[in-house]
Amino acid sequence: MNANDLPGKAAEIYKKIRRKHKVAFETLKLNDKEIKILQVTDLESLLAGKDPFKDVSEFPFWVRLWEASLILSHVVAALPPGNGTKFLELGAGLGAPGLTAAACGYDVTLSDYEKHILDFQRVSAAANGFDNVDFKKGYLEDIPLPEHFADLVTSNCVINLSPDKKQVFVEIWRILRDHGRVVVSDTISEKPVPKGMRANPRLWGECVSGALTEAEYLSKMEQAGFYGLSILKRTLWREVEGYKFFSIVVRGYKFEKKSSCTYVGQYATYLGPMQAVVDEEGHLFPRDQAVAVCTDTAAKLQKPPYQSSFVVSTGTDMNEQSITTEEDTCPVEGECC
Ligand SMILES: C[S@@+](CC[C@H](N)C(=O)[O-])C[C@H]1O[C@@H](n2cnc3c(N)ncnc32)[C@H](O)[C@@H]1O
């Protein structure tokens, strides 16, 4: 692409990048969308003689388009149109999922603690003609955005790099609006990673040895307050020293409990197909039985991901009803998030 094809500020940034690096635009095809992403084509200019295998902190992790970010981009491409919904990608690197969301009409913020990558993101956004993308330098553990900022938060291959994963989920919860979603793709290990492997900085930097087990990962999300957790995708990624590492896409929801959860005569009826289910608070819902619930539980069960499985009513009398399943509203079967 010629710098003159880009709008003023992006053209200047593109020229600045090209003075330092050899770069090229790669085109990603995602359903009916094509997205241009600016990438460095010679890593040597970035490493400037440093050996990342000796010291992983020298490796510019933002420079690669990580495979799993393409999986996440496909999940994003299958979302219903954004119509201005606020979408935040953390540790975005080259920002494939975020740029995909921009192509789908979301109002996107790309964030990373590495300031050079924000310039790459700016040029990519301009090359695609997106004016609905914003850029924010900042840490996962201290996200520089106000509470209730985003409707949907994503990231790929980033949270496992943080030494304080619980704090990352606490921050994501803080900046999500009530009933907002987190959909992150990350590495998890089949069994706990041994100390020796954890201390290996190269494996940590490669998004391997910082991994938690799936149960630990979900538990950190729950401790931060997320509910309705589901694994949308799990693929075997690598096997290192006999340990299997998987890439997962996990979804969770924010729900702000009110301090005055009260009983006002509401009932929730679970529609099946299981004989019964238990929610995060331990409430048991046998199929087809109206169970008295407080205002918090009633509010939660009327929103995704539960609203298609429950009817909330103000009495125990039988009502007319038809089930709306996620499949009925999902544009691409099996890909809804
Ligand atoms: C493994 S790369 C993944 C990049 C991108 N998400 C992808 O999948 O192509 C990790 C990215 O997270 C950023 N990063 C790592 N630790 C971070 C932190 N604590 N806060 C913010 N960004 C971080 C790095 O700069 C890098 O861009």
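User: What phi does Glu241 take in the hairpin of S9 and S10, and how many residues lie between the strands?

Analyst: In this predicted model, Glu241 has a positive phi near 50 degrees. The hairpin of S9 and S10 has two residues between its strands.

User: What makes S9 and S10 count as paired?

Analyst: A pair needs at least two bridges. Strand S9 (residues 227-240) and S10 have ten bridges, so they qualify, and their sense is antiparallel. One spot to look at is Leu236, which stands opposite Phe246 in S10.

User: Which residue of S10 does Ile188 stand opposite, and how many bridges join S7 to S10?

Analyst: Ile188 stands opposite Phe246. Strand S7 (residues 176-189) is joined to S10 by nine bridges and runs antiparallel to it.

User: Why are H3 and H4 called roughly parallel?

Analyst: Helix H3 (residues 67-77) and helix H4 (residues 96-103) pack at about 20 degrees, and their axes are 8 Å apart. Angles under 35 degrees count as roughly parallel, and H3 and H4 therefore get that label. As for handedness, H3 passes H4 in a right-handed crossing.

User: Which residues make that contact between H3 and H4?

Analyst: From H3 there are Ser69, Leu70, Leu72, Ser73, Val76 and Ala77, and from H4 there are Ala96, Pro97, Thr100 and Ala101. By class, this contact of H3 with H4 has seven nonpolar residues, three polar and no charged.

User: Which residues of H6 and H9 meet?

Analyst: Lys165, Lys166 and Phe169 of H6 meet Lys220, Met221 and Gln223 of H9. The contact of H6 with H9 divides into two nonpolar, one polar and three charged residues.

User: What is the order of the strands in the open sheet of three, and why is one side of S14 and of S15 left without a neighbour?

Analyst: The order is S14-S11-S15, with antiparallel pairing. S14 (290-293) and S15 (310-313) are at the edges and have a single partner strand each, so one side of each has no neighbour in the sheet. On average, neighbouring strands of this sheet are turned by 30 degrees against each other, direction ignored.

User: How do you know that S11 and S14 are partners?

Analyst: At least two bridges are needed for a pair. Strand S11 (residues 266-270) and S14 share four bridges, so they pass, and they pair in the antiparallel sense. For Tyr267, the bridge partner in S14 is Ala292.

User: How many helices and strands are there in the chain?

Analyst: The chain has eleven helices and 15 strands.

Definitions and conventions: Residues numbered from 1 in each chain as written. Predicted model: local features only at pLDDT ≥ 70, side-chain atom pairs only at ≥ 80, totals over all residues. Axes fitted to C-alpha atoms, helices over the stretch in contact; angles between N-to-C directions. Parallel < 35°, antiparallel > 145°, perpendicular 65-115°, else oblique. Left-handed = near helix turned anticlockwise from the far one by under 90°. Contact = placed C-beta atoms within 7 Å. Nonpolar A, V, L, I, M, F, W, Y, C, P; charged D, E, K, R; others polar.
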